Amino acid sequence: MKEALKKIVEKLHQHNSEHMAAQAFGLSEDVVYDVLVIAPSFSPYKLHMEDTCKVTTLKEGAYIAGYLVEKDGLKIAWIKIGSSAGNLIDHMSLCAELTFKRAIFIGAVGALKEGFNPGDVCTPSYSISGSYADAYLMKETIRDNMLFEKVFPDMKYVDKVVDIGKQKGYDIKKASVFCTPSVALEYTHLDEIRAFDTDLIEMETSSFYLMTDLFELPGIALLVVSDNSASGVALVGRTEEQQAKYDYGRNVILPDMILTLAAEKK
(Lines give C-alpha, C1' and ligand atoms only; values in the text may rest on other atoms or scores of the structure.)
Protein backbone atom coordinates (compact mmCIF):
# COMPACT_ATOMS: atom_id res chain seq x y z
CA MET A 1 0.00 0.00 0.00
CA LYS A 2 1.38 3.39 -0.99
CA GLU A 3 1.72 6.27 1.45
CA ALA A 4 -1.03 8.20 -0.34
CA LEU A 5 -3.55 5.46 0.45
CA LYS A 6 -2.35 5.22 4.05
CA LYS A 7 -3.03 8.94 4.37
CA ILE A 8 -6.54 8.51 2.95
CA VAL A 9 -7.29 5.79 5.50
CA GLU A 10 -5.79 7.84 8.34
CA LYS A 11 -8.01 10.82 7.51
CA LEU A 12 -11.06 8.58 7.14
CA HIS A 13 -10.48 7.21 10.64
CA GLN A 14 -9.93 10.69 11.99
CA HIS A 15 -13.48 11.64 11.06
CA ASN A 16 -15.19 8.22 11.07
CA SER A 17 -15.22 4.96 12.99
CA GLU A 18 -13.00 1.88 12.83
CA HIS A 19 -13.59 -1.29 10.79
CA MET A 20 -15.26 0.53 7.90
CA ALA A 21 -15.32 -2.45 5.50
CA ALA A 22 -17.12 -4.49 8.14
CA GLN A 23 -19.68 -1.78 8.73
CA ALA A 24 -20.31 -1.10 5.05
CA PHE A 25 -19.96 -4.60 3.56
CA GLY A 26 -19.71 -7.13 6.40
CA LEU A 27 -16.15 -8.04 5.34
CA SER A 28 -13.57 -9.04 7.95
CA GLU A 29 -10.06 -7.68 8.46
CA ASP A 30 -9.12 -11.11 9.88
CA VAL A 31 -9.71 -13.03 6.63
CA VAL A 32 -7.28 -13.35 3.72
CA TYR A 33 -9.37 -13.03 0.57
CA ASP A 34 -8.11 -14.37 -2.74
CA VAL A 35 -9.83 -11.58 -4.65
CA LEU A 36 -11.74 -8.39 -4.04
CA VAL A 37 -14.43 -7.99 -6.71
CA ILE A 38 -15.76 -4.47 -7.24
CA ALA A 39 -19.00 -4.37 -9.21
CA PRO A 40 -21.33 -1.45 -9.90
CA SER A 41 -24.81 -3.07 -9.86
CA PHE A 42 -23.59 -6.66 -10.46
CA SER A 43 -24.09 -9.03 -7.54
CA PRO A 44 -22.89 -12.66 -7.56
CA TYR A 45 -26.54 -13.65 -7.76
CA LYS A 46 -27.00 -11.55 -10.92
CA LEU A 47 -24.20 -13.59 -12.46
CA HIS A 48 -25.80 -16.84 -11.11
CA MET A 49 -22.68 -17.74 -9.16
CA GLU A 50 -24.80 -19.46 -6.53
CA ASP A 51 -25.21 -22.29 -9.08
CA THR A 52 -21.54 -23.27 -8.72
CA CYS A 53 -20.39 -21.54 -5.53
CA LYS A 54 -21.49 -20.90 -1.97
CA VAL A 55 -22.66 -17.29 -1.89
CA THR A 56 -23.31 -15.58 1.43
CA THR A 57 -24.92 -12.17 1.66
CA LEU A 58 -22.98 -10.38 4.40
CA LYS A 59 -24.65 -6.99 4.35
CA GLU A 60 -27.11 -5.10 2.17
CA GLY A 61 -27.71 -1.36 2.24
CA ALA A 62 -29.80 1.00 0.20
CA TYR A 63 -27.45 0.84 -2.80
CA ILE A 64 -24.37 -1.12 -1.67
CA ALA A 65 -23.91 -4.71 -0.54
CA GLY A 66 -21.20 -7.14 0.53
CA TYR A 67 -20.96 -10.84 -0.29
CA LEU A 68 -18.64 -13.77 0.35
CA VAL A 69 -18.24 -16.19 -2.57
CA GLU A 70 -16.58 -19.53 -1.74
CA LYS A 71 -15.54 -22.47 -3.88
CA ASP A 72 -12.88 -25.16 -3.43
CA GLY A 73 -11.23 -23.25 -0.60
CA LEU A 74 -11.27 -19.90 -2.41
CA LYS A 75 -12.63 -16.87 -0.60
CA ILE A 76 -13.83 -13.98 -2.77
CA ALA A 77 -14.84 -10.70 -1.19
CA TRP A 78 -17.45 -9.01 -3.37
CA ILE A 79 -18.67 -5.44 -3.03
CA LYS A 80 -21.62 -4.16 -5.04
CA ILE A 81 -21.46 -0.39 -5.30
CA GLY A 82 -23.23 2.44 -7.07
CA SER A 83 -22.02 3.71 -10.43
CA SER A 84 -19.54 6.60 -10.85
CA ALA A 85 -15.88 7.30 -10.15
CA GLY A 86 -16.65 8.81 -6.76
CA ASN A 87 -18.49 5.70 -5.59
CA LEU A 88 -15.63 3.46 -6.65
CA ILE A 89 -12.97 5.58 -4.95
CA ASP A 90 -15.00 5.88 -1.74
CA HIS A 91 -15.82 2.19 -1.42
CA MET A 92 -12.41 0.84 -2.42
CA SER A 93 -10.96 3.20 0.19
CA LEU A 94 -13.17 1.57 2.82
CA CYS A 95 -11.58 -1.77 1.86
CA ALA A 96 -7.99 -0.57 2.32
CA GLU A 97 -7.57 -2.46 5.61
CA LEU A 98 -8.76 -5.76 4.18
CA THR A 99 -6.24 -8.35 3.04
CA PHE A 100 -6.71 -9.54 -0.54
CA LYS A 101 -4.32 -10.72 -3.24
CA ARG A 102 -5.76 -9.01 -6.31
CA ALA A 103 -8.69 -6.88 -7.41
CA ILE A 104 -11.17 -7.45 -10.22
CA PHE A 105 -13.56 -4.80 -11.47
CA ILE A 106 -16.54 -6.08 -13.43
CA GLY A 107 -19.20 -4.08 -15.19
CA ALA A 108 -21.08 -3.31 -18.37
CA VAL A 109 -19.63 -1.06 -21.06
CA GLY A 110 -21.00 0.72 -24.11
CA ALA A 111 -19.18 0.60 -27.46
CA LEU A 112 -18.37 3.73 -29.47
CA LYS A 113 -17.10 1.96 -32.58
CA GLU A 114 -18.39 -0.81 -34.78
CA GLY A 115 -16.85 -4.22 -34.29
CA PHE A 116 -17.93 -4.60 -30.67
CA ASN A 117 -21.04 -6.68 -30.02
CA PRO A 118 -23.23 -7.39 -26.98
CA GLY A 119 -21.55 -10.02 -24.84
CA ASP A 120 -17.99 -9.24 -25.95
CA VAL A 121 -15.71 -9.15 -22.92
CA CYS A 122 -13.11 -6.37 -23.01
CA THR A 123 -10.38 -4.99 -20.78
CA PRO A 124 -8.96 -1.46 -20.96
CA SER A 125 -5.69 -0.81 -22.78
CA TYR A 126 -6.05 2.64 -21.20
CA SER A 127 -8.86 4.72 -19.72
CA ILE A 128 -9.40 8.44 -20.20
CA SER A 129 -10.38 10.14 -16.96
CA GLY A 130 -13.54 12.15 -17.59
CA SER A 131 -14.43 12.73 -13.95
CA TYR A 132 -13.08 15.35 -11.56
CA ALA A 133 -13.11 12.73 -8.78
CA ASP A 134 -9.75 11.37 -9.97
CA ALA A 135 -8.14 14.75 -9.28
CA TYR A 136 -9.30 14.55 -5.64
CA LEU A 137 -7.57 11.18 -5.50
CA MET A 138 -4.30 11.97 -7.24
CA LYS A 139 -3.55 15.71 -7.03
CA GLU A 140 -2.02 17.58 -4.11
CA THR A 141 -4.66 20.30 -4.43
CA ILE A 142 -8.19 20.08 -5.82
CA ARG A 143 -7.48 23.29 -7.75
CA ASP A 144 -5.46 21.09 -10.12
CA ASN A 145 -7.19 18.61 -12.34
CA MET A 146 -6.42 15.58 -14.47
CA LEU A 147 -9.42 15.71 -16.77
CA PHE A 148 -8.91 13.70 -19.94
CA GLU A 149 -5.57 12.25 -18.85
CA LYS A 150 -4.91 8.66 -19.88
CA VAL A 151 -4.66 6.10 -17.09
CA PHE A 152 -2.83 2.90 -17.99
CA PRO A 153 -3.16 -0.47 -16.28
CA ASP A 154 -0.27 -2.83 -15.61
CA MET A 155 -0.12 -4.20 -19.15
CA LYS A 156 1.99 -7.18 -18.09
CA TYR A 157 -0.87 -8.34 -15.88
CA VAL A 158 -3.47 -7.44 -18.53
CA ASP A 159 -1.63 -9.58 -21.10
CA LYS A 160 -1.46 -12.43 -18.60
CA VAL A 161 -5.23 -12.30 -18.03
CA VAL A 162 -5.91 -12.12 -21.77
CA ASP A 163 -3.70 -15.20 -22.26
CA ILE A 164 -5.51 -17.06 -19.47
CA GLY A 165 -8.80 -16.24 -21.15
CA LYS A 166 -7.49 -17.44 -24.51
CA GLN A 167 -6.49 -20.78 -22.96
CA LYS A 168 -10.11 -21.15 -21.83
CA GLY A 169 -11.45 -20.28 -25.27
CA TYR A 170 -12.41 -16.67 -24.48
CA ASP A 171 -11.45 -13.76 -26.71
CA ILE A 172 -10.93 -10.94 -24.20
CA LYS A 173 -10.37 -7.79 -26.24
CA LYS A 174 -8.03 -5.00 -25.21
CA ALA A 175 -9.76 -1.69 -25.94
CA SER A 176 -9.48 1.98 -25.00
CA VAL A 177 -12.13 3.45 -22.70
CA PHE A 178 -13.58 6.91 -22.04
CA CYS A 179 -14.83 7.31 -18.46
CA THR A 180 -17.91 9.52 -18.36
CA PRO A 181 -19.37 11.05 -15.18
CA SER A 182 -22.94 10.87 -16.52
CA VAL A 183 -24.88 8.35 -18.58
CA ALA A 184 -27.76 10.68 -19.42
CA LEU A 185 -25.47 13.49 -20.56
CA GLU A 186 -22.99 11.41 -22.54
CA TYR A 187 -25.40 11.39 -25.48
CA THR A 188 -25.51 15.20 -25.77
CA HIS A 189 -21.69 15.25 -25.77
CA LEU A 190 -21.20 12.11 -27.87
CA ASP A 191 -19.42 13.87 -30.73
CA GLU A 192 -16.93 15.41 -28.30
CA ILE A 193 -16.42 12.06 -26.57
CA ARG A 194 -15.91 10.28 -29.90
CA ALA A 195 -13.22 12.84 -30.74
CA PHE A 196 -11.03 11.17 -28.08
CA ASP A 197 -11.11 8.11 -30.38
CA THR A 198 -11.72 5.53 -27.66
CA ASP A 199 -13.41 2.23 -28.40
CA LEU A 200 -15.66 2.03 -25.34
CA ILE A 201 -17.39 4.18 -22.73
CA GLU A 202 -18.15 3.53 -19.06
CA MET A 203 -17.69 5.31 -15.74
CA GLU A 204 -15.13 3.83 -13.36
CA THR A 205 -12.08 2.12 -14.86
CA SER A 206 -9.68 5.09 -14.72
CA SER A 207 -10.43 5.37 -11.00
CA PHE A 208 -10.14 1.60 -10.52
CA TYR A 209 -6.64 1.50 -11.98
CA LEU A 210 -5.55 4.55 -10.00
CA MET A 211 -6.76 2.79 -6.84
CA THR A 212 -5.11 -0.56 -7.62
CA ASP A 213 -1.85 1.33 -8.14
CA LEU A 214 -2.24 2.82 -4.64
CA PHE A 215 -3.01 -0.64 -3.24
CA GLU A 216 0.12 -1.97 -5.02
CA LEU A 217 -1.78 -5.11 -6.03
CA PRO A 218 -2.60 -6.70 -9.40
CA GLY A 219 -5.89 -5.48 -10.81
CA ILE A 220 -7.94 -6.14 -13.93
CA ALA A 221 -11.17 -4.67 -15.26
CA LEU A 222 -13.42 -7.08 -17.16
CA LEU A 223 -16.20 -5.34 -19.06
CA VAL A 224 -19.06 -6.94 -20.95
CA VAL A 225 -20.39 -4.92 -23.90
CA SER A 226 -24.04 -4.03 -23.34
CA ASP A 227 -24.76 -1.66 -26.25
CA ASN A 228 -23.16 0.05 -29.24
CA SER A 229 -24.12 3.60 -30.24
CA ALA A 230 -22.11 3.31 -33.48
CA SER A 231 -23.94 0.26 -34.81
CA GLY A 232 -27.32 1.07 -33.27
CA VAL A 233 -27.45 -1.70 -30.66
CA ALA A 234 -29.53 -0.23 -27.84
CA LEU A 235 -29.00 -0.75 -24.12
CA VAL A 236 -32.74 -1.36 -23.77
CA GLY A 237 -34.38 -3.39 -26.53
CA ARG A 238 -31.82 -6.03 -27.57
CA THR A 239 -32.88 -8.79 -29.95
CA GLU A 240 -33.11 -12.34 -28.58
CA GLU A 241 -29.79 -13.21 -30.25
CA GLN A 242 -28.09 -10.13 -28.82
CA GLN A 243 -29.51 -10.86 -25.37
CA ALA A 244 -28.27 -14.47 -25.51
CA LYS A 245 -24.74 -13.31 -26.38
CA TYR A 246 -24.80 -10.69 -23.64
CA ASP A 247 -25.98 -13.27 -21.11
CA TYR A 248 -23.13 -15.60 -22.12
CA GLY A 249 -20.52 -12.88 -21.62
CA ARG A 250 -21.98 -11.78 -18.29
CA ASN A 251 -23.13 -15.09 -16.82
CA VAL A 252 -20.50 -17.49 -18.17
CA ILE A 253 -17.25 -15.70 -19.04
CA LEU A 254 -17.17 -13.21 -16.15
CA PRO A 255 -17.83 -15.77 -13.36
CA ASP A 256 -15.40 -18.28 -14.85
CA MET A 257 -12.65 -15.66 -15.16
CA ILE A 258 -13.24 -14.45 -11.60
CA LEU A 259 -12.84 -17.98 -10.23
CA THR A 260 -9.87 -18.73 -12.48
CA LEU A 261 -8.01 -15.58 -11.44
CA ALA A 262 -8.87 -16.17 -7.78
CA ALA A 263 -7.16 -19.55 -8.01
CA GLU A 264 -3.94 -18.09 -9.45
CA LYS A 265 -1.05 -18.59 -7.06
CA LYS A 266 0.79 -15.38 -7.98
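**Rings, charges and a helix crossing**

A search of the whole structure turns up nine aromatic pairs (Phe, Tyr or Trp rings, the six-membered one for Trp, with centres within 6.5 Å). This is a predicted model, where local features need pLDDT of at least 70, side-chain atom pairs count only at pLDDT 80 or more, and totals for chains, interfaces and linings use all residues. Residues are numbered from 1 along each chain as its sequence is written, and side-chain values use heavy atoms, leaving out hydrogens and water.

**Aromatic rings**
- Tyr132 and Tyr136 pair up edge-to-face (planes over 60 degrees apart), at 6.0 Å centre to centre with 75° between the planes.
- Phe148 and Phe178 are stacked (planes under 30 degrees apart), at 6.3 Å centre to centre and 25° between the planes.
- That pair links distant parts of the chain, 30 residues apart.
- Phe105, Phe208 and Tyr209 make up one aromatic cluster.

**Charges over rings**
- Lys150 has its charged end over the ring of Tyr126, 4.5 Å from the centre (the rule: NZ of Lys or CZ of Arg within 6 Å of the ring centre and within 35 degrees of the ring normal).
- Arg250 does likewise with Phe42, its charged end sitting 5.9 Å from the ring centre.

**Helix crossing**
- The axes (lines fitted to C-alpha atoms over the stretch in contact) of helix 1 (residues 3–15) and helix 8 (residues 205–215) come within 7 Å and cross at roughly 100°.
- Contact (heavy atoms within 4.5 Å) involves Ala4, Leu5 and Ile8 of helix 1 and Met211, Leu214 and Phe215 of helix 8.

Conventions: Axes fitted to C-alpha atoms, helices over the stretch in contact; angles between N-to-C directions. Helix = DSSP H or I, 4+ residues; strand = E, 2+ residues; numbered from the N terminus.
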